[in-house]
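The sequence and structure come next.

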Amino acid sequence: MIGFVARRLATLVAVVFGAMTVTFVIARVIPQNVAQIWAGVQGFKVTPDVIALVTRQYHLNEPLIVQYGYYLRDLASGRWGTSPVTGRPVAVDILMYLPNTMELAAAALLLAVAVSVPMGVVAARARNSWVDQASRALALIGVAAPTFWIGLLLQFVFYYWLGWVRDPGGMLSDSTLALYPVRHVTGFVVLDAALTGNGPGLLDAINHLALPAISLALPLVALLSRMTRSSMLEVLNQDYVRTARAKGMPEWRVTWRHALRNALMPTVTVLGLSTGWLLTGSVVTELIFYWPGVGRYAVGAVTSFDFPAVTAYTALAALIFSLANLLTDIVYAYVDPRIRFA
Amino acid sequence: MPVLPKPLRNPLVLVGSGVIVALFLVAALAPVLAPYGPQSGTLLDRFEPPGPRHWFGTDSSGFDIFSRVLYGARPAVGSGLIVLAVSTSAGTAVGLLAGYGRGAWGEVLLRITDVFLAFPGLLLAMAVVAAIQQRTLWAIVVAISLRWWAPYARIVTAQTLAIREREYVEAARSIGARHLRVLLRHVLPNAFSPVVVQATLDLGAIILTTAALSFIGFGAEPGTPDWGRMVADGRQYMRDHWWVVLFPGIAIFFAVAAFNLAGDGARDAFDPRLRGE
């Protein structure tokens, strides 16, 4: 097992290094007139002097290989370069927004698992029942309906029409910020409000989190519920399920204890895929719901040609995605020894 | 009653294939089918609700949304097919070389593929869009293709590795066929069917990704009849004029759903192991 993990870890390091090189090529080799754009972004009058200054500051007239060295040094130093737009180290900017994205992603993942696993089990137990049909329809919507559109429809129904949601976006209402400010403990707003016993703050935070979490969760519900259903169908035909029934075990116990535990194993493989989706989907979701997360930050960075920020975010996403895939493989190898020795 | 080919006997696959045919027809014949031009209308007609004159209503410029949804099939289908053409051919070429040529070169190609697979597709596309500093559909097509070839390379490599060991490849080599001929005439045709299946499923995903990039504002210019762009343009008027956002989104949904259903059918047809369920 240790050998397997070490091998995979070595591959991961190589792949992530490659991914960082690709982002360097994209951000430094393709763009034209970078110095001119950045000089403009910083609010100066774009004179040859300013362009020369920016060029020197970002080593833009050095040979590419030297620039690549600076780039790697910046990544290794943990500052990830300096943003020409905010003037701060990119890592500082990203760390400011990252907890908000993690909060949204965690809520979406929890919601998706809580909905899709029971739905998949019931759909497998009662094939072609209304639950099965409904889960099939929901799966199609989750796979095919664009997230930005679902998000807007949810806003229309629950904010404009029903009025259940207080704001079309953001993490807290202005009134909450003024009357019940959430004290910073962990950086996750819902968690902080709960930990500090801030009831009104907690309700407001959940009220704001609900719609973006649902939008982001829907494609995962589609994926997970179909996966649970098909692996449940397989497991329910196994001998040990028949044995459990034969010795008189109640049906609910057979389904939810014996069968489900075994059926959930393949669902683990979806972990990596889910992370990929949470990274991608959070961009659009955060944009729609004015959620101050890294996805929204990345779109802003693209718009303002903040290449160090775009590069850092893309590389970070590749790192997270690769780590999630590695974790999936390790869990799977742990569960299934045949993979370990392949 | 005529007998349908087996995969089409599943009603969902049949519906999906029907919608795809309709989608291609609409894309080709949009100027004939659309009652209005994509940008004809005046501000006097703006925000007319859906009715007999304008089936899907009109938008903030007074343009007929039904006509614009029909025209919107063109960039959706067009960019999807171009991305597919580029990425399946690039991916297949890389996969054939990586799988057939053993040793260091195959290994290098595989590692490069792994590097591109490490990026979530939309995010790499955003970085490329930033770098080429253009906000057009072509920029998006380039940006998406840069990531999209990698899964095909993976699939074809796996296929080629298995096919390389078959007797017919050995037979072809032993009667003196050159490597290139073996690759193109013997390996490629046998490695290609999973690519077709994946491509059918992917066309939906590509349409979704293009739409998302257009919606964010990195694709089609404002005002063009592109589904994602139409939702983005209509967003600020949604509160009082829901139809501006609703109909382009439905169009995306139907197109993507159709490719998913048909793709499932194609997979069942090509992969006999899955035929039971």
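## Confidence in chain A

Among the elements of chain A in this predicted model, helix 7 (residues 147–161) has the highest mean pLDDT, 93, and helix 16 (residues 337–340) the lowest, 66. Here pLDDT is the predictor's confidence in each residue, from 0 to 100; helices (H or I, at least four residues) and strands (E, at least two) are DSSP runs, numbered from the N terminus. Chain A averages a pLDDT of 86, and 97% of the residues score at least 70.

## Basis of the values

Residues are numbered from 1 along each chain as its sequence is written, and chains are lettered from A and ligands numbered from 1 in the order in which they are written. In this predicted model, local features need pLDDT of at least 70, side-chain atom pairs count only at pLDDT 80 or more, and totals for chains, interfaces and linings use all residues; side-chain values use heavy atoms, with hydrogens and water left out.

## Cavities

The whole structure holds 4 cavities of 30 Å³ or more. A cavity is a set of points, on a 1 Å grid over the protein atoms alone, where a 1.4 Å probe fits but cannot get out; lining residues have an atom within 4 Å of a point. Points are joined across faces, edges and corners, and a volume is the space filled by probe spheres set on them.

The largest cavity has a volume of about 70 Å³. Helix 2 (65–100), helix 8 (193–216) and helix 9 (227–234) of chain B each supply at least two residues of its lining, which includes Trp227(B) and Asp226(B).

Notes. 1 Å grid on protein atoms, 1.4 Å probe; cavity = no way out; pocket = protein on both sides within 12 Å on 5 of 7 lines; lining within 4 Å.
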